[in-house]
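Work through the following exercises with the sequence and the structure side by side. Each task is followed by a solution that goes step by step.

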Amino acid sequence: MNENVLEAREIYKSYPTADGQIDVLLGINLAIKRGEIVAVVGPSGVGKSTLLHILGILDRPTRGQLRIDSTQVSSLSDDQLAKLRNSTVGFVFQFHYLLPELSALENVMMPGMIAGKKAEELIEPARELLGRVGLAERESHRPNQLSAGEQQRVAIVRALINNSKVVLADEPSGNLDFTNSQTLHALLWELSRTLEKTFVIATHNLELARKADRVLELRNGKIVN
Amino acid sequence: MLCLIILVAAFSIISTLVMMVMEKTREIGILKAMGATSKSIRKIFMWQGLVTGLLGTASGCIIGYLLCWVQQNFKLISLPADIYIISAVPVNMRVWDFICISAGSLAICFLASLYPANKAASLQPVEAIRYE
Ligand SMILES: Nc1ncnc2c1ncn2[C@@H]1O[C@H](COP(=O)(O)OP(=O)(O)OP(=O)(O)O)[C@@H](O)[C@H]1O
Ligand SMILES: [Mg+2]
């Protein structure tokens, strides 16, 4: 079996603009193993978010090959991509992006519901996950009744409910104060170790990056280390 | 006259739904990021349009029926007796009319929901969730 959960070969990404185009990614090659925690660093605007969106098949590269959990992605239709995203990828963004009308528990259950599972099957696993991040008591609260740190923890376990192989986190602590970031980082590590999840984390936070198994530095559209 | 009413109704359904799609852009993006397919997003907005249409049609039928019934029994709108043979505006309620008009208005709601629903379904997740 292939050890790599993610494999990218010669990924390019350009955006069309009013005057020509801007080339953001210029040939990205990488392989990420199961259970690995990888930090993606680089100055603002270098293309970290762009890369994460492509690795999470939220966006298509201009060209290049991406393999996710042994599936070759480029030939899939949009609907097939959506299904694959639902079953293998979890996202955590800088802002929590929880659905405001739903409770914490319902938010965590959402990706499972999209996968077609019944609510009854999802309640227990969702409770268990909320418990892991210390939010067992808050399951019926709406996102706006939670603090930024708590919202972000809900978003993290939402990314795990479908047993996703890969969690892509785009500056997950970018919006948090020091203490909350510390808590969040510790949780990311614990979850990754106990559940053997692969995390790819884009961050400006050097301390977070130092703790990663591997650091990928983006510069001028390429990975430089 | 009837055409105008239909046009106005259809436009208000379209604009309400388009507004809703714009307000919910981020939520649509979030759902898509979690793997919701375009088809399921389209379905949500088609349902929204149809449920609105059903409520509207049902209340329209009830109000129409009540007004006709009141006119039949209490002759609220009368006619000058020296000009017309009958003394009040006559009403003739036919079941078939109710059915045809209901079916017609539901069909209009369905058609009016198509554009906004497709607009929602074709949103690209990365565009919908840009932070700014
Ligand atoms: N849809 C788009 N259209 C045009 N240009 C875009 C688009 N999305 C991103 N870009 C550009 O691509 C470059 C990389 O953006 P990206 O968001 O990936 O950077 P980043 O490394 O995540 O930055 P930050 O650290 O500030 O989050 C930027 O110059 C940005 O302006
Ligand atoms: Mg970014």
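**Exercise 1. Determine how many residue pairs are in polar contact across the interface of chain A and chain B, and which elements of chain A touch chain B.**

Step 1. In this predicted model, the rule finds 5 residue pairs in polar contact across the interface of chain A and chain B, counting pairs in which both residues have pLDDT 80 or more.

Step 2. On the side of chain A that touches chain B, the elements that give two or more residues are α1 (48-55), α2 (78-88) and α3 (104-114) of chain A. Of the elements on this side, α2(A) gives the most, with 5 residues.

Step 3. Sorted by class, the side of chain A that touches chain B holds 13 nonpolar, 4 polar and 7 charged residues.

**Exercise 2. Find the area buried between chain A and chain B, and state which residues of chain A lose the most area to chain B.**

Step 1. Begin with the contacts, where 24 residues of chain A meet 17 residues of chain B.

Step 2. The size of an interface is often expressed as the accessible area that is lost when the parts come together. Between chain A and chain B the buried area is about 1,800 Å², and carbon and sulfur atoms give 64% of that area.

Step 3. Within chain A, the residues that lose the most area to chain B are Leu58(A), Tyr97(A) and Ile114(A), which together account for 31% of what that side buries.

**Exercise 3. Identify the salt bridge between chain A and chain B, and then examine a salt bridge of Lys13(A).**

Step 1. Side chains of opposite charge can pair when their charged atoms come close. Between chain A and chain B the count is 1 salt bridge, and Glu101(A) forms a salt bridge with Lys24(B), with the closest N and O atoms 2.7 Å apart.

Step 2. Over all chains, a search of the whole structure finds 13 salt bridges. One of the salt bridges joins the side chains of Lys13(A) and Asp59(A), at 3.4 Å from N to O.

Step 3. Lys13(A) lies in strand β1 (residues 4-16) of chain A, whereas Asp59(A) lies in the loop between α1 and β4 (63-68) of chain A, so this pair ties together parts that are 46 residues apart in sequence.

**Exercise 4. Describe the residues that surround ligand 1 and the place where ligand 1 lies.**

Step 1. Ligand 1 lies between chains A and B, and 13 residues surround ligand 1, the closest being Ser44(A), Gly45(A), Lys48(A), Ser49(A) and Thr50(A).

Step 2. Polar side-chain atoms lie at these distances from an oxygen atom of ligand 1: 2.4 Å for Ser44(A), 2.7 Å for Lys48(A) and 3.0 Å for His204(A). The protein covers 68% of the 640 Å² of accessible area that ligand 1 has on its own.

Step 3. At least two residues of the shell around ligand 1 come from each of β2 (21-33) and α1 of chain A, and α1(A) supplies the largest share, 3 residues. By class, the shell around ligand 1 consists of 4 nonpolar, 6 polar and 3 charged residues.

Conventions:
Residues are numbered from 1 along each chain as its sequence is written. Chains are lettered from A and ligands numbered from 1 in the order in which they are written. This is a predicted model: local features need pLDDT of at least 70, side-chain atom pairs count only at pLDDT 80 or more; totals for chains, interfaces and linings use all residues. Side-chain values use heavy atoms; hydrogens and water are left out. Contact means heavy atoms within 4.5 Å. Buried area is the accessible area (1.4 Å probe) that two parts lose on being put together, summed over both. A salt bridge is a side-chain nitrogen of Lys or Arg within 4 Å of a carboxyl oxygen of Asp or Glu. A polar contact is a pair of N or O atoms within 3.5 Å; within protein, one must be able to donate a hydrogen and the other to accept it, and residues adjacent in sequence count only if both atoms are side-chain atoms. Helices (H or I, at least four residues) and strands (E, at least two) are DSSP runs, numbered from the N terminus. Ala, Val, Leu, Ile, Met, Phe, Trp, Tyr, Cys and Pro count as nonpolar, Asp, Glu, Lys and Arg as charged, and the others, Gly among them, as polar. A residue is near a molecule or strand if one of its heavy atoms lies within 4 Å of it. Accessible areas come from the Shrake-Rupley method with a 1.4 Å probe; for residues, only the protein chains shown count as cover.
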